[in-house]
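Here are my notes on this model, for when you have it open. I start with the pocket, then go to the sheet and the confidence.

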Amino acid sequence: MRWLPTIHRVWALAAVGVAAGVAAGLAISLATNALAQGASGSGAVFDVTHVPPLLTVPDASGELVYDVHCSAAGVDDPEANCSVSGTVFARRVGVGSFREIPLERRDPVTRQLAATVPDELLDSDAFEYFAVFESAEAEARLTVPPGAQSAPSVSRRLRNATPVLLGRHSFGEARRSGQRLVFARWGDGPDAAGLEEGRNLEPVGASAFDVDASGAIVVLDHANRRLLRWTKGTRAPVHVPVSINGTIADLASGGDGSFYVMETTARNGKAPLIRRFDDHGRELEAVEAAEQGTAQIRIGPDGPVVLQRPSHQWMPAAVAGVPASQAAQLQRGRMGRLLRSGGEVVVLSRTNELRVAVVAGGRSTRSWRITSETPLGEVQLAEPVGRRFVVVVRLYDGRSDEFAVLLLDRRGLVSRTTVDAADWAEAAPLGRFRLVGRDLYRLGSTPAGVFVDRFDLEVR
């Protein structure tokens with residue numbers, strides 16, 4: 001991948017105007033998949049939130065529902081909602097022109113606007129859509145998602161999803177212990193990882209990790225503004241100083257010796273930066289994210305892609321090897337994540353159900369419908385491994401939580417094990433697991449320090 005050689009160049013264009021992190025995660029991640037857009041001007045407030053039906057089943061409702069909050073400038077009464085009109089534009093994916101469907105207020109009490117998708121679109125393999133909202137009182141116009149027809153939401157029909165029934169989870173049973181590969185105590189010494197106070201007064205440290213092309217484990221020690229890199233067979237890490245901002249960031253190895261750090265904290269009201277460093281910590285490029293929030297960075301077939309908020313779309317940080325402007329990122333947003341190997345993974349998550357689909361050539365080639373009596377949290381990982389597929393999802397109740405590792409094939413559940421949450425220190429909410437080859441890696445922490453374990457998925 002080619003990035004421009006100028007050091008410290010930041011590419012920034014005006015972006016088109018909250019919901020992700022642990023609660024909403026990825027379209028390869030997520031707990032609610034809610035996306036939101038907001039605009040403000042002259043003191044007015046105008047916000048729209050929508051949960052897109054990414055993966056539907058035959059008995060699905062054809063309703064597209066949007067929660068709208070609008071307050072005109074100078075109005076302090078939270079119940080005095082200003083008037084909003086809206087239209088959904090929908091069509092079969094890539095076929096014909098977008099059809100206009102007016103949004104209507106179905107209930108005078110709620111602040112929801114809804115539209116009914118025509119049966120011919122709902123019953124198709126996939127349809128795409130976006131919505132436009134206007135308010136004269138707020139003097140604002142919103143498009144959801146912001147890329148409009150260039151990057152619409154896509155709803156796919158699951159016709160033959162394989163059912164997976166998890167039942168009620170017994171915490172602590174079938175728990176696996178991985179092979180401890182690296183460990184660093186908390187501190188600022190040469191072999192330590194730093195801690196700092198988080199937003200909720202909980203400790204934050206070693207926010208992300210990855211495994212590079214050589215097999216070395218790299219941990220982002222953001223508190224000490226450096227990378228800790230363990231080569232194979234070594235006990236002490238090499239320090240790579242990096243210039244980064246913010247208490248929590250995500251990390252991805254570029255595969256060519258470089259590293260990408262996705263910051264989550266912006267400066268001076270601008271969007272966070274996505275920085276690229278060489279193996280000596282020299283900053284090669286920095287690109288401004290299209291939106292004010294970021295949740296995850298991974299490497300796709302054409303370079304780094306970032307899960308952004310509030311649109312909750314994956315957007316490329318580069319196009320044709322060149323850092324992407326904010327406008328270019330918005331125009332290429334998508335709800336699913338493109339994998340390095342090609343194809344796309346889409347996940348729709350609810351409290352007690354996950355729907356997962358592998359998409360290739362615009363069609364769903366494999367899909368699963370996972371149900372659980374125990375509540376499901378964020379999906380940390382959902383990727384193919386050989387001919388099988390692995391999902392790592394948090395399970396929780398009022399007292400305990402841990403991660404379930406589900407190995408799936410076309411017939412259903414192949415194996416199910418659990419892994420201790422091991423998240424004493426706060427880290428990037430969607431950065432605790434990596435799939436490398438046929439092994440699963442996990443970043444964990446205790447009051448003593450941070451570590452990385454490896455688990456054999458026993459896929460041959």
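**Notes on the predicted model**

1. The largest pocket has 26 lining residues, and Ile299, Arg337, Arg340, Glu383 and Leu435 sit nearest its centre. For the term: on a 1 Å grid over the protein atoms alone, a pocket is an open set of points where a 1.4 Å probe fits, with protein on both sides within 12 Å along at least five of seven lines, and lining residues have an atom within 4 Å of a point.

2. Elements giving two or more residues to that lining are strands S17 (208-211), S21 (249-253), S25 (293-300), S34 (376-385) and S38 (433-436). S34 gives the largest share, five residues. Strands here are DSSP runs of E, at least two residues, numbered from the N terminus.

3. The lining splits into 13 nonpolar, six polar (Gly would count here) and seven charged (Asp, Glu, Lys, Arg) residues.

4. Elsewhere, five strands make an open, mixed sheet, ordered S12-S33-S32-S31-S30; its edges are S12 (162-165) and S30 (337-338). Pairing takes at least two DSSP bridges. S31 (344-350) and S32 (353-360) run antiparallel, joined by seven bridges.

5. Confidence: the chain's pLDDT (the predictor's per-residue confidence, 0 to 100) averages 86, with 88% of residues at 70 or above. Residues 1-32 fall below 50. Where pLDDT is low, the coordinates should not be read in detail.

6. Residue numbers start from 1 along each chain as its sequence is written. The model is predicted: local features need pLDDT of at least 70 and side-chain atom pairs 80 or more, totals for chains, interfaces and linings use all residues, and side-chain values use heavy atoms, without hydrogens or water.

Conventions. Helix = DSSP H or I, 4+ residues; strand = E, 2+ residues; numbered from the N terminus. Contact = heavy atoms within 4.5 Å.
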